[in-house]
Amino acid sequence: MKKNLPTTPDRRTFLKTGGVAAAALLTKGAIAAQTPHTLPPLPVNERTRTAMPTRNLGKTGYKVGIFSLGGQAALEKHDNFDVAVPIIERSLDLGVNYIDTSSIYGGPERWSEQYVGRVMKTRRNEAFLATKTKERTRDGSLRMIEKSLQLLNTDHVDLWQLHDVGLPEDVDAIFAKGGAMEALLEMQDQKVVRYLGVTGHYRPEALIDAVNRHNFDTILMAMNAADTHIHSFTDKLLPLVVEKQMGIIGMKVPSRGRLLASWTPPSLDAQRHSWEGSAIAHRPGVMTMKDAMNFTLSHPVSTVIIGCDNIAQLEENVKIAQNFTPLSNSQMAALNELAAPVAEQSLFFRFTDRSKG
């Protein structure tokens, strides 16, 4: 760690705020040293306007393509540069202008941020870049953003999000003294992050509490054709975030394939040894990717993020977005009912064991 870090008044103030642990101070110093004086203009991918429809990302002023690239699938696999990096490059070539990742995608090595960072090294100004912290403390989250900046090859991210807020105790910890919310606000003030968001897919109540405690710019929430059948985000959470004019990003759209008729369930043993096994799937899904995407996009969302296994999937998703036409109420109701028999397997993420025992 370099000594004699730049000590402008803002940086001196930043270095003095809270936290006495040496590691935390070093982390804050490292971030302060690379803080830009001002944020650059919002990213622009010139291909987006002709590639697909765009929508407002809440009140941010950013026009986001309705299909965005998620940081999982091929982008979270171990040492998968040869597959993941071309997917990211191709997504930008096709007009995608929003890329989502996280500090926990790809395990301790954070492979997802590594792959995205490889591309951002030369194409940072083409993508609205979003990452997340799963940490609930201020100091833990500061360490997360420092590493994210390093791996993503950037001095700022456009959106920093609280990852997977699912329980009341998550919200209480985040907003407590020394909680993660302090880190988010400090990094926004220091122009390390542009906007702040919250994410979740487990239960709507904790997210409702979170967005009522702070005016987040965005929310990333699970929304698919099975949603209304179990702990519905669409019924309970969506009206609130629409009222708050937040940028709404839909995720879990095909539910890791479990909604798709083309999907073959893994063996029972394989499912039991994965987190998706929280709701065992015994049969394929019931609809096409086009149905799944069109269903979620027919709601008042800004965009949907979907992870891709290969370039063919990416190209299919971009084509669906390009040709999107909103579904009628009757078409949406029909897909919702079609999903009912596979609702549990399609909402597997709402059955994980989150007990503290």
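Biologist: Which residue lies over the face of Tyr-202, and at what distance from the ring centre?
Modeller: Arg-354 does, at 4.1 Å from the ring centre. Keep in mind that this is a predicted model.

Biologist: OK. And what lies over the face of Phe-349?
Modeller: That one is Lys-252, at 5.7 Å from the centre of the Phe-349 ring.

Biologist: Switching to ring pairs: how many aromatic pairs does the structure hold?
Modeller: The structure holds 9 of them. One of them is Phe-81 with Trp-111: their ring centres are 6.0 Å apart and the planes sit at 80°, so this pair is edge-to-face.

Biologist: Where do Phe-81 and Trp-111 lie?
Modeller: Phe-81 is in helix α4 (residues 81–93) and Trp-111 is in helix α5 (residues 111–123), so the pair ties together parts 30 residues apart in sequence.

Biologist: Are Phe-81 and Trp-111 buried or exposed?
Modeller: Phe-81 is buried, and Trp-111 is buried too.

Biologist: Now Trp-275 and Phe-348, what kind of pair are they?
Modeller: Edge-to-face, because the planes are at 70°, with the ring centres 5.1 Å apart. The pair links distant parts of the chain, 73 residues apart: Trp-275 is in the loop between α12 (268–272) and α13 (289–297), and Phe-348 is in the segment after α16 (343–346).

Biologist: What's the relative accessible area of Trp-275, and of Phe-348?
Modeller: Trp-275 has 35%, so it counts as partly exposed. Phe-348 has 0%, which means it is buried.

Biologist: Last one: which residues form an aromatic cluster?
Modeller: Tyr-62, Tyr-98, Phe-128 and Tyr-195 form one together.

Definitions and conventions
Residues are numbered from 1 along each chain as its sequence is written. This is a predicted model: local features need pLDDT of at least 70, side-chain atom pairs count only at pLDDT 80 or more; totals for chains, interfaces and linings use all residues. Side-chain values use heavy atoms; hydrogens and water are left out. Rings of Phe, Tyr and Trp (its six-membered ring) pair if their centres lie within 6.5 Å; planes under 30 degrees apart count as stacked, over 60 as edge-to-face and the rest as tilted. Helices (H or I, at least four residues) and strands (E, at least two) are DSSP runs, numbered from the N terminus. Buried means under 20% relative accessible area, exposed over 50%, partly exposed in between (1.4 Å probe, protein chains only). A charge sits over a ring if NZ of Lys or CZ of Arg is within 6 Å of the ring centre and within 35 degrees of the ring normal.
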